[in-house]
Amino acid sequence: MFERSRLSLARWFTLSMGGILVLFAGLLYAREARDRLRTFDQALYDSGQVIASGVEEISYGDRRRIDLEDAPLLGSDAIRIDTAIVIARWYTPEKTLMQFMGPIPAPTLADELGFQTISDPAAASGEAGHRLRQLTLPVYRNGQILGYLQVAAGLDPVVQPLQDLRWFLALGVPAALGAIAAVGWGLGGMAMQPIRAAYQRLQQFTADASHELRAPLAAIVSHAQLGLMEPTSPQEQTACLQTISEVGEGMSALVGRLLFLARHQGQPPWRLGPPSDLVDLLTPLVANYKISMAAQNLTFAATLPPSPVWLRAEPDLLRQAVINLLDNAQRYTPAGGTVALRGEVQHRWVVLRVEDSGVGIAAADLPHIFERFYRVSPERSRQSGGVGLGLAIVQQIVALHGGQIRVSSQLKVGTEFELRLPLAAAPRQFPQR
């Protein structure tokens, strides 16, 4: 599936970029051809004007005569000009040939005025394919037409560079398309990496969730079947129903945690609520945990900042993160141990630490403890009721608040979780009227 998607991405990338490249190459060639031909036409026109300036009209009474002796290329007394013109012809106002240079033309002018591209009349001599650019223009003097001038020059200065450009595009465009295809294949692979990783995480998450739900479902089914068997005493039925109820509650808690993770996955921090006082948020928790930990013969110490600490936070989520850490500390600290909650302000951050003197976490497990359904010890977690989602929820909550979480632990010594959360400005207090 991923390879087909990658191939599809590369194909569409190549087609789109290749289409743009071919279109650009076509426009480049058309522009180059137009500019070169326009420059060539202008040079041919200027040469024609130089020749026309040498034409003189001589009058004898009522008779008029055209003198071409001083016209370059046409007259014998004309100055020599450096030009590529190969054909120069002069026609009378009646379009009859009067003087010419180059191949023998038709006796009368039959071509249209303006620029034309024609075959070289010398093609019969072996220069097949040679093209000329021809200009035919009327020449006026004092409002009267003197005649028609026709000049032509070879198109080699235009054709040869365009031919070189065609070869360059013919070789360069396919090579560029190949490079585009290779780049598209590489970019497709890079684009598929996060999708592949997300798909693998989804598969792993689905497998883990299915595994976690399969055991309690099997327990519910087995106890339901046991309760339906006859004869069954009321005590056995009560025990079966009690087990089904407990397993159902566990499944409900598990589904609730999964929904929490799915609901807040990728939620941006700017959706957080107004600033909340962290001290005010944690004070009730401290009171509750002092009582519950004392009941388990644990010493609980809490040190919170003396003044309000403002955070842009969702109070319920932040409270849930601290509860998860305190629950873990309480769960994995043997009787007689200590648990501490400490908070302090450091520059633009507030740092919360949850410390315990519990069983600790092995160094090999530390990189994985924030993964969903990861258990340091499956047997111990099953006995304590954990399913491996508590720390994943804590990490997601901290990330949602734009914070960081760090853990350090040593077996049989204890564990310390450190939360760093960004401070917020205190809410503005408006004076009462």
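Setting aside its neighbours within four places in sequence, F300 is in contact with V286, Y289, K290, M293, L326, V339, A340 and L341. Please keep in mind that this is a predicted model.

So, is F300 buried or exposed? F300 has a relative accessible area of 10%, and buried means under 20%, so F300 is buried.

How do the two rings sit against each other? The ring centres of Y289 and F300 are 6.4 Å apart and the planes meet at 50°, so this pair is tilted. Y289 belongs to helix α4, while F300 is in strand β9, residues 299-303, and the two are 11 residues apart.

There is one more ring pair to show you, F370 with F417. This one is edge-to-face, with 6.4 Å from centre to centre and 80° between the planes. F370 comes from the loop between β12 and α6, whereas F417 comes from strand β14, so the pair ties together parts 47 residues apart in sequence. F370 counts as buried at 14% relative accessibility, and F417 is buried at 6%.

Now let's step back to the core. The largest nonpolar core has 41 residues, and F300 and F417 are among those with the most contacts inside it, along with L278, L326, L341 and I369. Which elements give two or more residues to this core? They are α4, α5, β11, β12, α7, β13 and β14. Apart from this core lies another, of 23 residues, including I51, I85, W90 and L162.

Let me pick out α7, which covers residues 390-400. Of its 11 residues, 8 are buried, so the helix is largely enclosed by the rest of the structure. The buried ones are L391, A392, I393, V394, Q396, I397, V398 and L400. After α7 comes G402, with a positive phi near 75°.

If you want a spot to look at, Q404 stands opposite R420 in β14. The hairpin of these strands has 3 residues between them, and there K412 takes a positive phi near 65°.

One last stop, with a charge and a ring: K95 lies over the face of Y148, at 5.6 Å from the ring centre.

How values were computed
Residues numbered from 1 in each chain as written. Predicted model: local features only at pLDDT ≥ 70, side-chain atom pairs only at ≥ 80, totals over all residues. Heavy atoms only, no water. Pairing = 2+ DSSP bridges. Helix = DSSP H or I, 4+ residues; strand = E, 2+ residues; numbered from the N terminus. Buried < 20%, exposed > 50% of the residue type's maximum accessible area, 1.4 Å probe, protein only. Core = buried A, V, L, I, M, F, W, Y, C linked by side-chain atoms within 4.5 Å. Contact = heavy atoms within 4.5 Å. Phe/Tyr/Trp six-rings, centres within 6.5 Å; stacked < 30°, edge-to-face > 60°. Lys NZ or Arg CZ within 6 Å of the ring centre and 35° of its normal.
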